[in-house]
Amino acid sequence: MSQLQNDCFIRALLRQPVDRTPVWMMRQAGRYLPEYRQVREQAGSFMNLCTAPELACEVTLQPLRRYRLDAAILFSDILTVPDAMGLGLHFIEGEGPKFERPVRNAEDIHRLPIPDPETDLRYVPDTVRLIQSHLRGSVPLIGFSGSPWTLATYMIEGGSSREFRKAKGLMYDQPELMHALLGKLADAVAVYLNAQIAAGVNAVMVFDTWGGVLTTEQYQAFSLDYAKRILAQLTRSRDGQTIPAILFTKGGGLWLESMADSGYDALGLDWTINIGAARKRVGHRVALQGNMDPVALYASPESIRAQVKAILEAFGQGSGHVFNLGHGVHPDIKPEHVGAMIDAVHEYSPALHLA
Ligand code: CP3
């Protein structure tokens, strides 16, 4: 693997000095870009897009051609792992993901295989290798997975949910069974992320989109403990380069101290917490990634610039901040508004990194 020409994202995650704050955006390859919609149409379905390395590589690179981004993120989905476990994933237009064979009882859980990433999920490491052959060290590539808890919610509910009645029902009524599922998922995710690392990703991120719906005690026992179980199994360097790991729990603001003790290099923040207050709470233990409200991108470019400045200044002087949204960009955001956000990070952040 070649040396990175732009490593400010990796350096910020490791809290090493940088000359400006790096920036990338969750869902940066997506429907808000007309060039994405064109390839998505050509693919026919979202799963066809994910499983065709040439197309997944193309959409990964699209946002980098438009914007001055400091990282690429593998184009895929967190639900490819349960799909490879045999649940039968498909996406219904306007309704989101659906599983044909959701997990409901002990037998379903004990039967789940741990997928072999180089065979069952072969298209993912193939896509990573192809993207890296195009990036050639220009910027780092982020690999990712869902957290065990977040994956379990989709697997038990059979799709998206508001109340998580079935998933929480299983957790309350049969906690041992939920632990059996989460343990299996943590091990499957670790193998999967290690395959992405072996194929060439430069950092990994665990998306715990639904950790925030748990009680404090449940968050520790059913989400964070399994995020740690993944980390304990990860290959954390390759060819002498550290592969930083980021943990993003949406709605995790209450639990930053215990997340900062988890061993992850960085925490992703949603928009509800002030990033300066978060920095005081985590101290020097971790870097922080975030945290502009994705809905702020509907406002005028002047307002977007003011938001960017406020977040950069709230974090304050020094390294350890990766600028991002607090969740994924919405599909009807104007591409120029994304550009205004990214340009504002480039313009305002060097002042925060003067020696
Ligand atoms: O960030 C990126 O640019 C990389 C690509 C990426 C996608 N999904 C592409 C995608 C990543 C990192 C994900 C993660 C993901 N997928 C999460 C965790 C992060 C988060 O957003 O909370 C979750 C919960 C999912 C599950 C998922 N995938 C849902 C609920 C949906 C349907 C809702 C929607 O936005 O359409 C998806 C589909 C999906 N994943 C799309 C994209 C670009 C849209 C499908 C399309 O373009 O047809």
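An oxygen atom of the ligand is 2.6 Å from an N or O atom in the side chain of His327. The protein covers 88% of the 870 Å² of accessible area that the ligand has on its own. Keep in mind that this is a predicted model.

One of its nitrogen atoms lies 2.7 Å from an N or O atom in the side chain of Asp77.

Where does the ligand sit? The ligand is in the largest pocket. There are 24 residues around the ligand, and those that come nearest are Arg27, Tyr36, Arg40, Asp77 and His327. Sorted by class, this shell consists of 14 nonpolar, 6 polar and 4 charged residues. Helix H2, residues 34–43, supplies at least two residues of the shell, and so does strand E3, residues 96–99.

Tyr36 also takes part in a contact within the protein. The structure holds 7 aromatic pairs. One of them joins Tyr36 and Phe75, with 5.7 Å from centre to centre and 50 degrees between the planes, and it counts as tilted. Tyr36 lies in helix H2, while Phe75 lies in the loop between strand E1 (72–73) and helix H5 (80–87), so the pair ties together parts that are 39 residues apart in sequence.

The backbone deserves a look as well. Most residues other than glycine have a negative phi, and most peptide bonds are trans. Arg15 is not a glycine, yet its phi is positive, at about 55 degrees. Arg15 is found in the loop between helix H1 (8–13) and H2. Which form does the peptide bond from Gly290 to Asn291 take, cis or trans? That bond is cis, with omega near -5 degrees. Asn291 is part of strand E10, which spans residues 287–292.

How values were computed:
Residues numbered from 1 in each chain as written. Predicted model: local features only at pLDDT ≥ 70, side-chain atom pairs only at ≥ 80, totals over all residues. Heavy atoms only, no water. Near = heavy atom within 4 Å. Polar contact = N/O pair within 3.5 Å; in protein donor to acceptor, adjacent residues only side chain to side chain. Areas by Shrake-Rupley, 256 points an atom, 1.4 Å probe, with all protein chains shown as cover. 1 Å grid on protein atoms, 1.4 Å probe; cavity = no way out; pocket = protein on both sides within 12 Å on 5 of 7 lines; lining within 4 Å. Sits in = over half its atoms within 2 Å of the grid points. Helix = DSSP H or I, 4+ residues; strand = E, 2+ residues; numbered from the N terminus. Nonpolar A, V, L, I, M, F, W, Y, C, P; charged D, E, K, R; others polar. Phe/Tyr/Trp six-rings, centres within 6.5 Å; stacked < 30°, edge-to-face > 60°.
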